[in-house]
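Please walk me through this structure, one piece at a time. I am new to reading protein models and would like to know where to look.

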Amino acid sequence: MTGRGALIVMEGIDRSGKSTQCKMLVNALSKAKSMKFPDRTTATGNKIDQYLQRKLELDDNEIHNLYSKNRWEKEKAMLDDLEKGITLVVDRYAYSGVAYTGAKPGFDLDKCKEPDVGLPQPDLVFFLDLKVNTAANREAFGGERYEQTDFQKKVYANFLKLKSKEWQVIDASRSIEEVNHDILNSVNNILGKVEKKPIGKLWA
Ligand code: 2DT
Ligand code: MG
């Protein structure tokens, strides 16, 4: 049996191209699965979906913890897949959790990390770097919560504060193909390197 799969995360502000790049990456890899957070299909995710569509009001702490719970409920399945040699390509993760809640008044980034401490540690995090004004020119924001320029600017600044050694900043203002090319290169570089490496714990 070969080694484990890699845990790859795509992060960035809204409209930075995460979903497109996740799809292209999964298609290019031989043994890979895609995941997305929030996963709106579970009971927890359904509540998050209602909140994002403004059909439900929740306290800022409560929604923050709900996003985290929505990740923890996938922990076992993620570890099982990784052990089986499946590479996971994840559209948003705990970094979004911290960057978005941390953009609300009165929230400290380190404190925001707490509920997600110990989750599977990503091997590679791509930050699709796109300035908010450029993202806003791509297409109109939808009507969901958080889809406002001022808020997105705070989110962007928070993401930069979360950068760690696994992060790779990708200039997402280029064409889809150019971005995909860079991402594929980096992924092909790490797949062999993580095979025998134990899966770490996030922020632990
Ligand atoms: P999508 O547009 O990608 O479905 O995201 N968010 C996401 C948080 O506030 N905390 C989190 O932990 C995660 C994963 C980002 C919906 C919105 O949810 C925000 C945008
Ligand atoms: Mg969205």
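Arginine 15 sits in the loop that links strand 1 to helix 1, which covers residues 18–28. This is a predicted model, and in it arginine 15 has a positive phi of about 75 degrees although it is not a glycine. Why point that out? Most residues other than glycine have a negative phi, and most peptide bonds are trans.

In what order do the five strands of the open sheet lie? The order is 2-3-1-4-5, and the pairing is parallel. Strand 2 (32–36) and strand 5 (167–171) are the edge strands, each pairing on one side only. From one strand to the next, the twist averages 20 degrees. Strands of a sheet pair through backbone hydrogen bonds, either parallel or antiparallel. For a pair to follow by eye, take strand 1 (residues 7–11) and strand 3 (residues 87–91), which are joined in the parallel sense over four bridges. Isoleucine 8, for instance, has valine 89 in strand 3 as its bridge partner.

The crossing of helix 1 past helix 9 is right-handed. On the helix 1 side, Thr20, Gln21, Met24, Leu25 and Ala28 take part, and they meet Ile176, Val179, Asn180, Ile183, Leu184 and Val187 of helix 9. Sorted by class, the residues of this contact are eight nonpolar, three polar and no charged.

Helix 5 has two contacts to look at. With helix 8 (residues 149–162) it packs at an angle of about 130 degrees, the axes being 8 Å apart. Helix 5 and helix 8 are therefore oblique to each other. Here, too, the crossing is right-handed, as helix 5 passes helix 8. Tyr95, Val98, Ala99 and Tyr100 of helix 5 meet Val155, Asn158, Phe159 and Leu162 of helix 8. Of the residues in this contact, seven are nonpolar, one is polar and none is charged.

The other contact of helix 5 is with helix 3 (residues 60–72): their axes come within 10 Å and cross at roughly 175 degrees. That makes helix 3 roughly antiparallel to helix 5. In this contact Asp60, His64, Tyr67, Ser68 and Arg71 from helix 3 meet Ala94, Gly97 and Thr101 from helix 5. Which classes do these residues belong to? Two are nonpolar, four are polar and two are charged.

Last, find ligand 1. Around it are Phe37, Pro38, Leu52, Tyr67, Arg92, Ser96, Gly97, Tyr100 and Tyr146. Which helix gives the largest share of the shell? That is helix 5 (residues 94–101), with three residues. By class, the shell around ligand 1 is made up of six nonpolar, two polar and one charged residues.

How values were computed:
Residues numbered from 1 in each chain as written. Chains lettered and ligands numbered in written order. Predicted model: local features only at pLDDT ≥ 70, side-chain atom pairs only at ≥ 80, totals over all residues. Near = placed C-beta within 6 Å. Nonpolar A, V, L, I, M, F, W, Y, C, P; charged D, E, K, R; others polar. Pairing = 2+ DSSP bridges. Axes fitted to C-alpha atoms, helices over the stretch in contact; angles between N-to-C directions. Parallel < 35°, antiparallel > 145°, perpendicular 65-115°, else oblique. Left-handed = near helix turned anticlockwise from the far one by under 90°. Contact = placed C-beta atoms within 7 Å.
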